[in-house]
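I opened this entry to keep track of what I looked up. The notes follow the order in which I checked things.

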Amino acid sequence: MKISKSWYEILKPEFEKQYYKDLQKFLVDEYSHYTIYPEPDNVFNALNLVPYDKVRVVIIGQDPYHAPKQAHGLSFSVQKGVDIPPSLQNIYKEIHNDLGYPIPKSGDLTQWAKQGVLLLNSVLTVRAGNANSHRGKGWEQFTSAIIDKLNQRNEPIIFILWGNNAKEFAKNIDTTKHFILTAPHPSPLSAYSGFFGCKHFSKCNEFLKSINQQPIDWHIYEKPETKEI
């Protein structure tokens with residue numbers, strides 16, 4: 001599993017802890033005996049696309065999609081050419097209602113990552129066809145360490161937390177420095193309980209403008225037009 005130098009240096013203490021060594025052994029066994037998503041090279045995709053000092057927004061998901069060709073290491077995102085899952089469909093509907101952008105045909109959110117949006121799942125791997133199968137194996141401690149490291153930054157970061165799982169991270173975020181947006185999860189089971197109408201995308205951009213930063217272009221272009229950070 002490849003990880004960028006900037007994040008490796010930041011997270012090096014975690015790699016040396018026993019829980020992470022146990023997690024590695026577990027993953028070696030899982031990848032050897034089962035189909036695991038995402039591919040090993042994509043497990044740290046979210047970190048590899050956004051250097052530590054370039055993170056401006058964090059969107060926390062749960063665990064990767066568990067159907068073929070979906071997961072590629074970014075929360076809520078699927079690979080190009082794959083049908084858009086229901087939760088992402090609802091995210092796109094909210095963006096349309098909030099900002100007026102047309103609903104894209106692609107579910108690949110790499111364009112957001114290239115603008116400084118860290119699309120981080122709390123669990124980074126999953127067994128095919130078995131949602132939450134890698135919960136409680138050590139990933140939660142690792143991703144909590146990522147949030148802790150980001151929380152230590154002096155530059156403000158916007159944390160977008162949808163659903164109870166993501167909201168658990170709020171207690172470790174210093175709101176005197178950082179900004180938190182919370183809502184129900186965008187899944188069909190809860191989207192109508194407050195996700196629709198949350199206007200998190202415009203609120204995020206308003207906050208970025210208030211600290212003299214470029215807003216995020218939340219539209220997904222079929223041919224990328226956004227500038228990389």
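Which residues in helix H1 are buried? I noted first that the model is a predicted one. In H1, which covers residues 5–15, I found Trp-7, Leu-11, Glu-14 and Phe-15 buried. I then looked down the axis of H1: the buried residues fall within an arc of 80 degrees, so they line one face of the helix. I also looked up what covers these buried residues, and the cover includes H2, H6 and helix H3 (45–49).

Next I turned to the pair H2 and H6. I recorded H2 as residues 18–33 and H6 as residues 139–151. Their axes lie 9 Å apart, and the two helices pack at an angle of about 130 degrees. Angles from 65 to 115 degrees count as roughly perpendicular and those over 145 as roughly antiparallel, so H2 is oblique to H6. I noted the crossing of H2 and H6 as left-handed.

Which residues meet where H2 and H6 pack? From H2 I listed Tyr-19, Tyr-20, Leu-23 and Leu-27, and from H6 they meet Trp-139, Gln-141 and Phe-142. By class, I counted 6 nonpolar residues and 1 polar residue in this contact, with no charged ones.

My last entry is on Ser-190. I placed Ser-190 in the loop between strand E6 (179–183) and helix H8 (200–210). Is Ser-190 buried or exposed? Its relative accessibility is 18%, and buried means under 20%, so Ser-190 counts as buried. Leaving aside neighbours within four places in sequence, I found Ser-190 in contact with Pro-184, His-185 and Phe-195.

Technical notes: Residues are numbered from 1 along each chain as its sequence is written. This is a predicted model: local features need pLDDT of at least 70, side-chain atom pairs count only at pLDDT 80 or more; totals for chains, interfaces and linings use all residues. Side-chain values use heavy atoms; hydrogens and water are left out. Axes are lines fitted to C-alpha atoms, for helices over the stretch in contact, and angles run from 0 to 180 degrees between N-to-C directions. Helices (H or I, at least four residues) and strands (E, at least two) are DSSP runs, numbered from the N terminus. Angles under 35 degrees count as roughly parallel, over 145 as roughly antiparallel, 65 to 115 as roughly perpendicular and the rest as oblique. A crossing is left-handed if the near helix is turned anticlockwise from the far one by less than a right angle, and right-handed if clockwise. Contact means heavy atoms within 4.5 Å. Ala, Val, Leu, Ile, Met, Phe, Trp, Tyr, Cys and Pro count as nonpolar, Asp, Glu, Lys and Arg as charged, and the others, Gly among them, as polar. Buried means under 20% relative accessible area, exposed over 50%, partly exposed in between (1.4 Å probe, protein chains only). The arc is that of the directions from the helix axis to the C-beta atoms.
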